[in-house]
Amino acid sequence: MSGVLSFSTTTIQLKVIKNSNKTLRLPSQLTSRITIIPNSHQHSAPLFLPEVESAVDTLYPEFRAIDNLVARNTSRVLKAFQNARVGSHHFGGCTGYGHEEAGGREALDQAFAEIFGAESAIVRSQFFSGTHAITCALFAFLRPGDELLAVAGAPYDTLEEVIGIRDSNGLGSLKDFGISYREVALADDGGLDWDALEVALKPQTKCALIQRSCGYSWRKSLSVNEISRAIHIIKSQNPNCMVMVDNCYGEFTEAIEPPMVGADLIAGSLIKNPGGTIAPCGGYVAGKEKWVKAAAARLSAPGLGVDCGSTPGDIMRTFFQGLYLSPQMVGESVKGGLLIAEVMSTKGYKVQPLPRVPRHDIVQAVQLGSREKLLAFCEAVQRSSPVSSYTKPIAGLTAGYASEVIFADGTFIDGSTSELSCDGPLREPFCVFCQGGTHWTQWGLVLGEVLNSL
């Protein structure tokens, strides 16, 4: 029998109580009466729905493999921090022009570059978003008369006005600067069309854009090995064509990163994977030193380089700490995606990626089939969030997006998709894109609310 012991005092005697296989001896001066109160926790309702419990039971081998990946990536991050000699003085930050900082900016850039296998990196709070960092990287490569080639189908919605696919109203898209654009459509299976890529480049193609994650497309996210193969095909046609990888959502989902297989630049956001759920803002560009400097000049101005720009100390500390936590947070997010796929597929919904297949980003898409179900899914996630759970997400037009979009993100950092969140455009086939989570159990709890809502 188990329970809580309640004591009343006064008499002196020794009581011996047998509890299962253990003997509990109580000091004789404490009690003459012992009341055993049954432990009510043993009789509480299960935390997860049966469907979720069953899915968890089947996923332990996959979860263990992810833990091994987390350990490998954490080791790489730790070594980079040690090589950069990161110390508490690096968390001090700076003001004004940012010239008098204590080396934190340099140490962070050095550690980041080593972690991602790059020659150089610039990690800054002044990057508003992943789209902003990617834009700076594209403008680092491209000049009037050049061509940008997207090799993984249409890019993410927020890049359409940057490129000029949608009219930027003269605000300075690549098209406004005389840079042309083409894209290689995806193959029927949702992967890269390797045959088309073999003959895709033209003499004026200066930059090939590879989007690692699925974005808002119903397609496979790319492994680093697939990115390596694409880079080889691109460079064999035109060695002077630069390769830019939109790395958003992909960081730390594998043991290697695109610069390690030949990408000239990568870019992404710190309120996604590499911010570890605690970076409050910012983004990064990493890769060949020449092109990182060119991207930095686009962020600031030619001649200013990477040695300016103030960052408050409280933010600088979160950049270091978030980067260190990133492998663990990404691992938990990947586990959450596996759980979503397992549960939703058993309920008859199409999922991408499929259940129990290797992951190359933290996004799990579920095809819900109707506007009503997409809204219901996002509302359930919002109700299950730690922040603003009392609010109801409303679909609407958002800057950078062509369609109405609904976001559910009861997160501590506004818009942080490394925290548990989901979103989706209000268009056929009404897919919800789930990401983030500091622990897979968050999604275990949320899925109960979701299933009860659909």
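User: Is Ser 120 buried or exposed?

Analyst: Ser 120 counts as buried because its relative accessibility is 17%; buried means under 20% relative accessible area, exposed over 50%, and partly exposed in between, using a 1.4 Å probe on protein chains only. Bear in mind that this is a predicted model, where local features need pLDDT of at least 70, side-chain atom pairs count only at pLDDT 80 or more, and totals for chains, interfaces and linings use all residues. Residues are numbered from 1 along each chain as its sequence is written, and side-chain values use heavy atoms, with hydrogens and water left out.

User: Which strand is Ser 120 in, and what does Ser 120 touch?

Analyst: Ser 120 belongs to strand S5 (residues 120-124). Helices (H or I, at least four residues) and strands (E, at least two) are DSSP runs, numbered from the N terminus. Not counting residues up to four places away in sequence, Ser 120 touches Ala 113, Val 285, Ala 286, Gly 287, Glu 289 and Val 292. Contact here means heavy atoms within 4.5 Å.

User: How about confidence, what's the average pLDDT?

Analyst: The protein averages 90, and 90% of the residues score at least 70. pLDDT is the predictor's confidence in each residue, from 0 to 100.

User: Where does pLDDT stay under 50?

Analyst: One stretch is residues 1-24, for which the model has 58 contacts beyond four places in sequence. Another is residues 26-34, with 32 such contacts. Where pLDDT is low, the predicted coordinates should not be read in detail.

User: Which residues make the contact?

Analyst: On the H2 side they include Phe 63, Ile 66, Val 70 and Phe 81. On the H9 side they include Phe 320, Leu 323, Tyr 324 and Pro 327.

User: What's the angle between H4 and H8?

Analyst: H4 (residues 130-141) and H8 (residues 289-299) pack at about 115°, with their axes 8 Å apart. The contact involves His 132, Cys 136, Ala 137, Phe 139, Ala 140 and Phe 141 of H4, and Trp 291, Ala 294, Ala 295, Arg 298 and Leu 299 of H8.

User: New topic. Which peptide bonds are cis?

Analyst: The bond from Gln 352 to Pro 353 is cis, with omega near 5°. Glu 428 and Pro 429 are also joined by a cis bond, with omega about 5°. Most residues other than glycine have a negative phi, and most peptide bonds are trans.

User: Where does Pro 429 sit?

Analyst: Pro 429 is in the loop between S15 and S16. Phe 430 lies in that loop as well; Phe 430 has a positive phi of about 60° although it is not a glycine. Phe 430 is buried, with a relative accessible area of 12%. Leu 426 is another residue of the loop between strand S15 (421-425) and strand S16 (431-435).

User: Is Leu 426 buried or exposed, and what is it in contact with?

Analyst: Leu 426 counts as buried, at 12% relative accessibility. Leaving aside neighbours within four places in sequence, Leu 426 is in contact with Arg 371, Leu 374, Leu 375, Ala 395, Glu 404, Val 405 and Ile 406. Leu 426 and Ser 403 are 23 residues apart in sequence and 6.6 Å apart in space, C-alpha to C-alpha.

User: Last one: is Asn 169 buried or exposed?

Analyst: Asn 169 counts as exposed, at 63% relative accessibility. Asn 169 has a positive phi of about 60° without being a glycine, and Asn 169 lies in the loop between helix H5 (160-163) and strand S7 (180-183).

Definitions and conventions:
Axes are lines fitted to C-alpha atoms, for helices over the stretch in contact, and angles run from 0 to 180 degrees between N-to-C directions.
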